[in-house]
Amino acid sequence: MTTLIIGGGLSGLALAERMEAEGRDYLLVEARDRFGGRILTERVGAGAFDMGPAWFWPGQPRIAALIDRLGLERFDQVSDGILTFEDEQGRVQRGRGFASMEGSWRIKGGLVEVTDALASRLPTGRKRLSAQVVALDQMPEGIVATLSTAQTLSAAQAVVALPPRVAAGIRYAPALPEDAHAALRGVPTWMAGQAKAVAVYDTPFWRDQGLSGDAMSRRGPMVEIHDASPDRGGPYALFGFIGVPPQARRDAPALRAHLLAQLERLFGAQAATPRELLVKDWAFDPLTATQADHAPLHAHPSYGPPRALDGLWQGRLQFAGTEMAPQFGGYLEGALEAAEIAFGKLDATSGSRTHAH
């Protein structure tokens, strides 16, 4: 019998790739029609723009090693130039300060290069898209998963590599202990309340003005802006985190008008007419966020595996994903850390292909 991995984001993909390398029996299922989860890269011309996570940092060994192993290229986040500040009244000041993303790295071609490379290493028969698990039932011989299509899948053990609050929405039978269910519901989904905007331009006109593309604003709608251009060549881009609460973002045309007006205030008339304005609101993505995630996060949450999730269903049911990482929760590194921990806890005897039924 097999190990069912639920969720094809970075954590689930990394776990599946490890299983594949070790000749273990597994099936990876993903509810979306693409792998990657919160990693989402949009292409405009020759440019690749990350609408989810975009960076990693020195001191994060797993993601650095994975990128090297996959033969991908990293490059330094642009931070040369003057910073821009906007006060509550929309008054713009320029000054030399600390670029908050200085020292971070991005991936040539976007982070989709990482998830696509991992997915491509998995045989077709071991991965499934558009397969949303809605229920998990514990049986004497293992676990039965029910998909939204009513199809069922049987496995010896399952790893739920989803945001914990999304995982809490699965129907479990027998029901999880209340402290376990409360633990899942209580973990804020990293990035879930976020919306990101990327304005794509044919020229990096802000650099010609000596500006780094970094801006901080107390007026908004974007609270923090950075240069999101490719490592070389165009098209070029500025991207921002949208700081207004999710409910205030529901009127998409009004939001886009406010975004363009802010870009013009900060960077001049050329900024008002991007080649394309991309917006991704994760708060309204039901495979990422729940209603509970609409409350803003004012600080990086304290992540790590809640003790209440240990040993569920005789150890056959466990949880992965970046929120479960004890050291790097919320980061790409955390997704890999959680996958590593999950792999170490899997029952090797039920997972080897020589024992597969």
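**Notes on a predicted model**

1. Helix H2 (residues 61–69) and helix H8 (residues 332–345) have axes that come within 8 Å of each other and cross at roughly 90°. H2 is therefore roughly perpendicular to H8. On the H2 side, the contact is made by Pro61, Arg62, Ile63 and Leu66, while H8 brings Leu332, Glu333, Leu336, Glu337 and Glu340.

2. Next, have a look at helix H3, which covers residues 112–120. Its buried residues are Val112, Val114, Thr115, Ala117, Leu118 and Ala119. What do the buried residues of H3 pack against? They meet helix H1 (10–21), strand E3 (41–44), strand E4 (47–50), H2 and strand E9 (127–128).

3. Now for the cores. The largest nonpolar core has 66 residues, and those with the most contacts inside it are Leu136, Val160, Tyr172, Leu317 and Phe319. Which element gives this core its largest share? That is H8, with seven residues. There is also a second, separate core of 20 residues, and Ala197, Ala199, Leu259 and Leu277 are among them.

4. Phenylalanine 319 deserves a click of its own. Setting aside neighbours within four places in sequence, phenylalanine 319 is in contact with Val160, Ala167, Tyr172, Leu176, Leu184, Leu309, Leu312 and Met324. Val160 and Tyr172 were also named above, alongside Phe319, for having the most contacts inside the largest core.

5. Glutamine 157 sits in strand E13 (residues 157–160). Is glutamine 157 buried or exposed? Its relative accessible area is 3%, and buried means under 20%, so glutamine 157 counts as buried. The side chain of glutamine 157 has a polar contact of 2.9 Å with the side chain of threonine 3.

6. Two cis peptide bonds are worth checking by eye. One runs from alanine 173 to proline 174, with omega near 0°. Proline 174 belongs to the loop between strand E14 (171–173) and helix H5 (178–186). Another joins glycine 220 and proline 221, where omega is about 10°. Proline 221 is found in the loop between strand E16 (211–217) and strand E17 (222–227).

7. Methionine 191 is not a glycine, yet has a positive phi of about 80°. Where is methionine 191? Look in the loop between H5 and strand E15 (195–201). With a relative accessibility of 11%, methionine 191 counts as buried.

8. Glutamine 314 is not a glycine either, and has a positive phi of about 55°. This residue is in the loop between strand E19 (276–281) and strand E20 (317–319). Its relative accessibility is 66%, and exposed means over 50%, so glutamine 314 counts as exposed.

9. Last stop: isoleucine 82, in strand E6 (residues 82–86). Isoleucine 82 is partly exposed, at 23% relative accessible area. How many residues apart in sequence are isoleucine 82 and glutamine 209? The answer is 127, and in space the two are 8.9 Å apart, C-alpha to C-alpha.

Methods:
Residues are numbered from 1 along each chain as its sequence is written. This is a predicted model: local features need pLDDT of at least 70, side-chain atom pairs count only at pLDDT 80 or more; totals for chains, interfaces and linings use all residues. Side-chain values use heavy atoms; hydrogens and water are left out. Axes are lines fitted to C-alpha atoms, for helices over the stretch in contact, and angles run from 0 to 180 degrees between N-to-C directions. Helices (H or I, at least four residues) and strands (E, at least two) are DSSP runs, numbered from the N terminus. Angles under 35 degrees count as roughly parallel, over 145 as roughly antiparallel, 65 to 115 as roughly perpendicular and the rest as oblique. Contact means heavy atoms within 4.5 Å. Buried means under 20% relative accessible area, exposed over 50%, partly exposed in between (1.4 Å probe, protein chains only). A nonpolar core is a set of buried Ala, Val, Leu, Ile, Met, Phe, Trp, Tyr and Cys residues joined through side-chain atoms within 4.5 Å. A polar contact is a pair of N or O atoms within 3.5 Å; within protein, one must be able to donate a hydrogen and the other to accept it, and residues adjacent in sequence count only if both atoms are side-chain atoms.
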